[in-house]
Amino acid sequence: MMSTLTVPAMQLAGRNDNFWADAGSKLGGAAVAIVIFLAVVGLLMFFADRAPKKGRDFIQLTLFVAPALVLLATGLIWPAVQTIWQSVTDRDGTWVGFDNFQVVFTDPTMLTVLRNTVIWVLIVPVASTAIGLAYAVFIDRSKGEKVLKSLVFMPMAISMVGASIIWGFMYTYRAEGFDQIGFLNQVLVWLGGTPHQFLNVPPWNTFFLILVFVWIQTGFAMVVLSAAIKGVPAELHEAASLDGASGWQRFWSVTVPWIRGALVVVLTTITIATLKVFDIVRTMTGGQFETSVIANEMYSRAFRLGQPAIGAALAVVLFVMVIPIIVYNVRTLRQHREVR
Amino acid sequence: MSTPTPPRTELDADLGGIEAAEEPKAKRVKKRLTSRGATAAAIVIAILWTIPTFGLAISSFRPEREVKTTGWWTIFENWGWTLDNYNTILFESGASSASLGSYFVNSFVITIPTTIFVLALALMAAYAFAWIPFRGASWLFVMVFALQIVPLQMALIPLLRIFNYDWIDISGTFAAVWVAHTIFGLPLAIFLLHNFISEIPRDVMEAAKVDGSSHTQTFTRIVLPLSVPAIASLAIFQFLWVWNDLLVALVFSGGTVKTAPLTQRLAEFAGDRGSDWQLLTAAAFVSIIVPLIVFFSLQRYFVRGLLAGSTKG
């Protein structure tokens with residue numbers, strides 16, 4: 001045991017390539033970048049502070065707000081406008097109208113992509129929220145609530161690429177008669193079934209990809225809803241109990257109406273995340289076996305297959321799907337600000 | 001009080017929300033909806049949610065032959081542990097090896113500066129939106145808020161083109177990844193910090209103004225120190241978000257060992273060596289270990305940030 005443990009340490013110390021020199025220079029570069037950035041910000045603040053009284057407020061305002069706004073304008077707004085433009089033109093910039101969108105909405109592969117995206121959006125938010133809410137209610141004020149929460153919340157912290165490998169391993173397939181190394185296939189065998197190629201057989205493979213995202217998002221729903229549940233006044237529950245309401249009835253007539261706001265936030269947040277889902281599909285199937293979704297297809301077309309116009313059209317479709325949620329959220333924000 | 005109640009730790013209260021801690025204990029017990037059945041269901045969910053990561057962790061320490069022929073749940077019958085998998089994926093060099101060691105460094109080189117850039121710029125903008133009255137402030141703020149929902153996909157191709165301009169030409173360098181991540185992180189950061197900074201009592205800010213403080217002085221002497229909790233929460237978010245990202249890395253890092261992060265290499269490796277589970281499990285574990293450490297040690301800030309972001313929207 002001792003010898004196997006020391007091998008990596010020895011290799012670490014005696015590496016013959018320039019790993020450490022390389023790592024050092026990269027980290028040094030990062031440190032220099034941070035120092036320069038903070039020095040520039042500091043200096044600008046210093047000079048803005050010394051600016052002549054007249055116009056000082058304006059100079060300071062510009063200093064505070066301009067860097068962020070310039071970055072957002074050049075890195076998000078302007079590119080978004082260009083993407084929209086690119087989606088209605090061809091390579092040379094001549095107007096092609098909705099040709100690219102026609103491809104998106106008629107091509108058979110594209111229709112599968114759209115169908116998959118709709119399935120994702122229909123299942124993930126509802127499933128994650130339902131499981132998260134149930135779990136939050138079950139463990140509310142129980143012994144070990146903290147630990148139980150951490151366990152379900154933990155997938156939120158890790159990358160979707162990591163999660164994809166974790167679940168890829170769960171789904172691993174070995175032919176019938178061999179020892180299974182994927183846990184889910186082992187469960188199938190234990191139950192008397194035959195092993196299944198989870199990721200290769202449409203249309204069910206999409207559901208097995210969706211399961212991975214539900215696994216990730218449930219923790220988010222649970223934590224937010226749990227905090228909301230704790231805000232339900234005890235008096236309401238007491239009054240309901242006196243009226244003879246069971247736990248189940250109190251849940252629907254007291255808890256759910258009270259946490260309605262939090263439920264909406266959770267559902268919309270997860271819906272947006274689901275629309276943009278990319279990493280899981282990319283890592284687990286690469287979009288093969290009819291599992292592609294809009295975000296993955298957009299990447300493939302624009303950066304792998306040399307079809308930036310189709311990619312742009314897909315990005316615009318994604319944007320249009322998000323618009324209702326943006327409008328809703330901006331409205332809520334406006335109301336919230338007016339109250340204050 | 002006759003009913004014994006489970007002791008609540010500090011972290012427990014944090015995770016559970018502040019309101020709960022203020023109620024009398026007797027009421028809390030009455031309010032409980034839980035029953036034996038519910039507890040059992042909760043434990044089942046908790047186990048289901050933990051099994052996949054647990055199996056991965058176990059497998060990453062098993063020898064190749066065992067991983068490839070037996071399930072990790074048979075570890076007691078097929079006993080055997082090794083660190084070879086980690087040695088191979090981290091340090092072995094060669095064309096088909098993972099060389100995750102270098103990518104691990106890259107992930108830090110990408111993540112740490114980005115987190116600082118976003119926080120600094122967002123703090124300044126959030127302060128301006130909250131406390132410097134100017135025309136169009138409200139409209140601009142709503143615009144920034146709406147931007148956080150715009151899909152990244154909208155910006156990828158044109159931004160890459162900008163990075164390729166002759167006079168910028170940072171495509172495929174760390175600078176490109178830093179700038180892209182900073183831009184994409186700003187909307188949410190500005191929104192969250194604005195929520196926090198605008199809650200600073202007006203009296204405090206007025207007092208500073210009466211003392212003759214300029215905006216830069218108020219910002220550095222009052223706003224920054226008071227915002228430390230919000231900064232901590234957001235720093236964790238930003239760190240995890242950038243560390244775990246794949247899309248931005250794929251598009252802007254150039255995909256080589258010079259600049260690409262762990263996630264990028266891991267996704268590629270899963271494609272190339274998809275059946276070498278002893279290596280893949282170890283590689284995945286290397287990529288999730290840093291987020292897990294951050295998560296378990298700073299969970300309370302993480303949760304606080306999450307709640308601030310989702311309940312005030």
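Trainee: How is chain A divided into domains?
Mentor: This is a predicted model, and in it chain A splits into domain 1, residues 18–96, and domain 2, residues 101–339.
Trainee: And what does the contact take from each domain?
Mentor: Five residues come from domain 1 of chain A and six residues from domain 2 of chain A. On the domain 1 side, that's one nonpolar, three polar and one charged. The C-alpha centres of the two domains of chain A lie 34 Å apart.
Trainee: Okay, switching to chain B. How many helices and strands are there?
Mentor: Chain B has 17 helices and zero strands. Of its 313 residues, 49% are buried.
Trainee: How many residues of chain B are in contact with chain A?
Mentor: 112 residues of chain B, meeting 114 residues of chain A. Helix α7 of chain B, residues 100–131, gives the most to that side, with 17 residues.
Trainee: What about the classes on that side of chain B?
Mentor: 70 nonpolar, 33 polar and nine charged residues.
Trainee: New topic: where is the kink in α4(B)?
Mentor: At B:Ile51, shortly before the proline B:Pro52, and it's about 35°.
Trainee: What span should helix α4 of chain B have, going by its residues?
Mentor: At 1.5 Å a residue, its 25 residues (36–60) should span 36 Å, and the end C-alpha atoms are 36 Å apart, so the two agree.
Trainee: Which residues of α4(B) are buried?
Mentor: Among them are B:Ala42, B:Ile45, B:Trp49 and B:Leu56, and B:Pro52 is buried too.

Key
Residues are numbered from 1 along each chain as its sequence is written. Chains are lettered from A and ligands numbered from 1 in the order in which they are written. This is a predicted model: local features need pLDDT of at least 70, side-chain atom pairs count only at pLDDT 80 or more; totals for chains, interfaces and linings use all residues. Helices (H or I, at least four residues) and strands (E, at least two) are DSSP runs, numbered from the N terminus. The expected span of a helix is 1.5 Å times one less than its number of residues. The bend at a residue is the angle between axes fitted to the seven residues ending there and the seven starting there. A residue is buried if 20 or more other C-beta atoms lie within 10 Å of its own, exposed if 12 or fewer, and partly exposed in between; C-beta atoms are placed from the backbone. Two residues are in contact if their C-beta atoms, placed from the backbone, lie within 7 Å. Ala, Val, Leu, Ile, Met, Phe, Trp, Tyr, Cys and Pro count as nonpolar, Asp, Glu, Lys and Arg as charged, and the others, Gly among them, as polar. Domain bounds come from an automatic or database domain assignment.
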